[in-house]
Amino acid sequence: MSAQTSAIRFDEVTLGYGRRPAVHHLDGTIPAGSLTAVVGPNGAGKSTLLKGIVGTLKPLEGHIGLNAPSSGIAYLPQAAEIDRSFPLSVYDLVAMGLWSRSGLFGGIARRDRTRVDEALSAVGLTGFERRPISTLSGGQMQRALFARLLLQDAPVILLDEPFTAIDAKTTADLLDLVRRWHDESRTVVAVLHDLDMVKRVFPHTLLIAREPVAWGRTPEVLSPENLLKARRMVEAHDPHADVCHRSVA
Ligand SMILES: Nc1ncnc2c1ncn2[C@@H]1O[C@H](COP(=O)(O)OP(=O)(O)OP(=O)(O)O)[C@@H](O)[C@H]1O
């Protein structure tokens, strides 16, 4: 897949809640097959950005173009947004990854059962099939959610803080899956706070602080000057500001 093909394109996008912008002046592309980290201080708009790409949040202004149908996006929200009290077994949670192909009532064929078993094995959860998800540890739950992503088989994968409060072994195992997706030329975008991990694993980074601060190759983006600028921009942000109509430079 050509690195020049765009998977996601932002045209002067503003995303927000009500009329309050959370992210604005977003203009640029995420190339197909790229592995991009989204970093920035708390409240910088990282989760908002992913919601805009998934389509659960419509832009207040501008346009987000996807080079794939919305069913071609697999999205892992922050752990806090996932309701684990829902009475669901690990097997059923993971098998939900097949819905985009089988449909809600399509039933699971024998071949699909093998695929669910393989996904569970790939994340080290063989033997957990019948466990209610409410009984899983945080790390086991994250493994199950990655197994579901595996089955979704999507060309674009969005991960919101996938390794927060996850131990080193689980993080290493799940990072291997991220690398595998990248090797398979999928487009992966992950919101992360661990800058050492970003430098080690993610070739491209978008640093945001309510608007892009820097976007490009990770070593240049994560300069001390850019990180300081991002922190200051978030601190200086006026939470009551309305949509701003700055013209594009
Ligand atoms: N549902 C909502 N309604 C109103 N405001 C919201 C909503 N969700 C987020 N915000 C606000 O939008 C801004 C950006 O939030 P967002 O969650 O995107 O930041 P973030 O960079 O992901 O932060 P963190 O690193 O803390 O997860 C914040 O000021 C937040 O309070």
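This is a predicted model: local features need pLDDT of at least 70, side-chain atom pairs count only at pLDDT 80 or more; totals for chains, interfaces and linings use all residues.
Residues are numbered from 1 along each chain as its sequence is written.

**Exercise 1. The nonpolar core**

Which residues of the largest nonpolar core touch the most other members?

Solution. A nonpolar core is a set of buried Ala, Val, Leu, Ile, Met, Phe, Trp, Tyr and Cys residues joined through C-beta atoms within 7 Å. Buried means 20 or more other C-beta atoms within 10 Å of the residue's own, exposed 12 or fewer, and partly exposed in between, with C-beta atoms placed from the backbone. The largest core has 69 residues, of which Val 38, Val 94, Ala 144, Ala 147, Ile 157, Leu 158 and Ile 208 touch the most other members. Its largest share, 8 residues, comes from helix 5 (residues 138–152); helices (H or I, at least four residues) and strands (E, at least two) are DSSP runs numbered from the N terminus.

Next, take Val 38. Leaving out residues up to four places away in sequence, Val 38 touches Lys 46, Leu 49, Val 189, Ala 190, Val 191, Leu 206 and Ile 208. Contact requires C-beta atoms, placed from the backbone, within 7 Å.

**Exercise 2. Helix 5 and helix 6**

Are helix 5 and helix 6 roughly parallel or roughly antiparallel to each other?

Solution. Axes are lines fitted to C-alpha atoms, for helices over the stretch in contact, with angles from 0 to 180 degrees between N-to-C directions. The axes of helix 5 and helix 6 (residues 168–183) come within 11 Å and cross at roughly 10°. Angles under 35 degrees count as roughly parallel, over 145 as roughly antiparallel, 65 to 115 as roughly perpendicular and the rest as oblique. The two helices, helix 5 and helix 6, are therefore roughly parallel. Helix 5 contributes Gly 139, Gln 142, Arg 143, Phe 146 and Leu 150 to the contact, and helix 6 contributes Thr 170, Leu 174 and Leu 177.

**Exercise 3. Positive phi**

Where do Glu 161 and Arg 210 lie?

Solution. Glu 161 is in the loop between strand 6 (156–160) and helix 6. Although not a glycine, Glu 161 has a positive phi of about 45°. Glu 161 is buried, because 21 other C-beta atoms lie within 10 Å.

Arg 210 is in the loop between strand 8 (204–208) and strand 9 (212–217). Its phi is also positive, near 75°. Arg 210 is buried, with 25 other C-beta atoms within 10 Å.

Definitions and conventions:
Two residues are in contact if their C-beta atoms, placed from the backbone, lie within 7 Å.
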